[in-house]
Amino acid sequence: EANLALLRRYWSHDVNAILVAQAGLASCLGETGRYEEALVLMRDIYAKDLAQHGGSHERTITSGSNIAITLMKLDRCDEAKSLVRNQLLPAARQSLGADHRLTLLLNENLTAALVGDPAGTRDDLLEAETVM
């Protein structure tokens, strides 16, 4: 947190350095189980990546994937499914291709959200089978 504060104070013009520091802090927060705090940072990173690179850029899709994974850890599977199904997977398939590692990871994330949702339906399980 101190590193991020220093970057914001002295290198506020270096957006990339700030995003990298935010990502590092979000990762640390997630590793210590502080998922809600990590999610706030991840959403900020995603919004900035979206504004800077657009929705089809690999970096933007990766930051969105991090959000989906964190949402699943918070048992917010519906949000994770919606994000991956409606935004990330279509962008990844279009810009990166169906066989790209990130597209395949998103398929895995969607499957995990579909299967791991305690309120999931039979249709969710059928979709998970289709996705994988």
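Student: How many helices and how many strands are in the chain?
Tutor: The model is predicted. Along the sequence the pattern reads α-α-α-α-α-α-α. The count is therefore 7 helices and 0 strands.

Student: What percentage of the residues in the chain is buried?
Tutor: A residue is buried when its relative accessible area is under 20%. The accessible surface of the chain is about 7500 Å², with 54% of it belonging to carbon and sulfur atoms. Of the 132 residues, the buried share is 37%.

Student: Are H4 and H5 roughly parallel or roughly antiparallel?
Tutor: Their axes lie 9 Å apart and the packing angle is about 160°. Angles over 145 degrees count as roughly antiparallel. H4 is therefore, relative to H5, roughly antiparallel.

Student: Is the crossing of H4 and H5 left-handed or right-handed, and which residues of H5 make the contact?
Tutor: The crossing is left-handed. On the H4 side the contact is made by Ile 61, Gly 64, Ser 65, Ile 67, Ala 68, Leu 71 and Met 72. On the H5 side the residues are Cys 77, Glu 79, Ala 80, Leu 83, Val 84, Leu 88, Ala 91, Ala 92 and Ser 95.

Student: Where does H6 stand relative to H7 in direction, and what is the handedness of their crossing?
Tutor: H6 and H7 pack with axes 9 Å apart, at an angle of about 160°. That angle makes the pair roughly antiparallel. The handedness of the crossing is left-handed.

Student: Which residues of H7 are in the contact with H6, and which two of H7 touch Leu 110?
Tutor: From H6 the contact uses Asn 107, Leu 110, Thr 111, Leu 114 and Val 115. From H7 it uses Asp 124, Leu 125, Glu 127, Ala 128 and Val 131. Leaving aside neighbours within four places in sequence, Leu 110 also contacts Lys 81, Val 84, Arg 85 and Leu 89.

Student: What separates the C-alpha atoms of Asn 66 and Ala 26?
Tutor: Asn 66 lies in helix H4 and is partly exposed, at 36% relative accessibility. Asn 66 and Ala 26 are 40 residues apart along the chain. The separation of their C-alpha atoms is 9.6 Å.

Student: Is Leu 25 buried or exposed?
Tutor: Leu 25 lies in helix H2, and its C-alpha atom is 9.6 Å from that of Met 42, 17 residues away along the chain. The relative accessible area of Leu 25 is 15%, so Leu 25 is buried.

Conventions. Residues numbered from 1 in each chain as written. Predicted model: local features only at pLDDT ≥ 70, side-chain atom pairs only at ≥ 80, totals over all residues. Heavy atoms only, no water. Contact = heavy atoms within 4.5 Å. Helix = DSSP H or I, 4+ residues; strand = E, 2+ residues; numbered from the N terminus. Buried < 20%, exposed > 50% of the residue type's maximum accessible area, 1.4 Å probe, protein only. Areas by Shrake-Rupley, 256 points an atom, 1.4 Å probe, with all protein chains shown as cover. Axes fitted to C-alpha atoms, helices over the stretch in contact; angles between N-to-C directions. Parallel < 35°, antiparallel > 145°, perpendicular 65-115°, else oblique. Left-handed = near helix turned anticlockwise from the far one by under 90°.
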